[in-house]
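My notes follow in the order I took them.

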Amino acid sequence: MTSGFPDGYFARPTVARVQDHLDRGTDNYPPDRDLARDLVEAAPWLPGSVRVNRAHGPRVLRCFTREYSIDQVIDLGCGLPHHDNRYVPDEVRHMVYVDSDPGVEAHARMVLAERHGTESLRADLEDMPALLGAGPLMQLDCGRPIGVLLHDVLPWLVDETAHTVLAALKSWLPAGSVLSVTHATTDMAPEAMTALTRLYAGADIGFRPRSGQQIRALLTSWVPLEAGELRTTASWRRPTPLHPRFDHSHAYAILASPGDRTS
């Protein structure tokens, strides 16, 4: 370890930096750009997908505050700072940014967590007891609802870890809390998704887009807050769905509740 970064950290691509490059960011390095180039060759819509899914965050925060009166939020897997995740409504009084990537957490600490009421935390979803027991989360008021952003996180987790994360959150969150999930899906452009999975695997990164049915199965113990078919992040809360030709999100958006709590 050097300065908090694992050996070889800058010599191999990371998910956050690849997505930063796809979103025209500057916090990336040649290995990230090389992988991003191959990814875009396999899926030309990928930069648009990254941007659409990032833009979903502010929309969900407005939903949390206006519809569910939630003013404390955890952003799990916050990613590198961009315009979309820098925006926090004034109604959000407490925001905790969490990421396991040391480079992301350092940026989050300097940029995202600069506003009063915001904090950053480096923690790994592989160790949910440590994450949920960390100081910034312990300072949240568990007597009131909490919003959780779990955006573009589950596709990078194996099924067992994804189930563990969701079960831990469900047990920990107070009544009235809301979980927002976005998840890359194989229901659209399955061949391109297979190619992306293969390219990420070549960089020793596990990418697991799932079908809508598989995503619902992950959330089977949660209470869905929106009826009907799954909506993509691009079509979420729109009066009419986008035509697939113009919907580059290739991901679903879901709101769910952990259900009632008894005292």
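Predicted model: local features only at pLDDT ≥ 70, side-chain atom pairs only at ≥ 80, totals over all residues.

Entry on Phe10. I looked up its accessibility and found 39%, so Phe10 counts as partly exposed. I then took its ring together with that of Phe5: the centres are 5.2 Å apart and the planes stand at 55 degrees, so I logged the pair as tilted.

Entry on the surroundings of Phe10. I asked which residues the ring pairs link into a cluster. I found Phe5, Tyr9, Phe10 and Tyr29. Over the ring of Tyr9 I also found the charged end of Arg17, 4.8 Å from the ring centre.

Entry on the other pairs. I counted seven aromatic pairs in the structure. One of them joins Tyr200 and Phe207, with ring centres 5.3 Å apart and planes at 55 degrees, so this pair is tilted. I checked the accessibility of Tyr200 and Phe207 and both are buried.

Entry on the second largest pocket. I read its volume as about 310 Å³. The lining has 18 residues, and those closest to the pocket centre are Arg216, Pro224, Glu226, Leu230 and Ile254. I sorted the lining by class and got eleven nonpolar, two polar and five charged residues. Which strand gives the largest share of the lining? I noted strand β8, residues 251–257, with four residues.

Notes: Residues numbered from 1 in each chain as written. Heavy atoms only, no water. 1 Å grid on protein atoms, 1.4 Å probe; cavity = no way out; pocket = protein on both sides within 12 Å on 5 of 7 lines; lining within 4 Å. Points joined across faces, edges and corners; volume = space filled by probe spheres on them. Helix = DSSP H or I, 4+ residues; strand = E, 2+ residues; numbered from the N terminus. Nonpolar A, V, L, I, M, F, W, Y, C, P; charged D, E, K, R; others polar. Phe/Tyr/Trp six-rings, centres within 6.5 Å; stacked < 30°, edge-to-face > 60°. Buried < 20%, exposed > 50% of the residue type's maximum accessible area, 1.4 Å probe, protein only. Lys NZ or Arg CZ within 6 Å of the ring centre and 35° of its normal.
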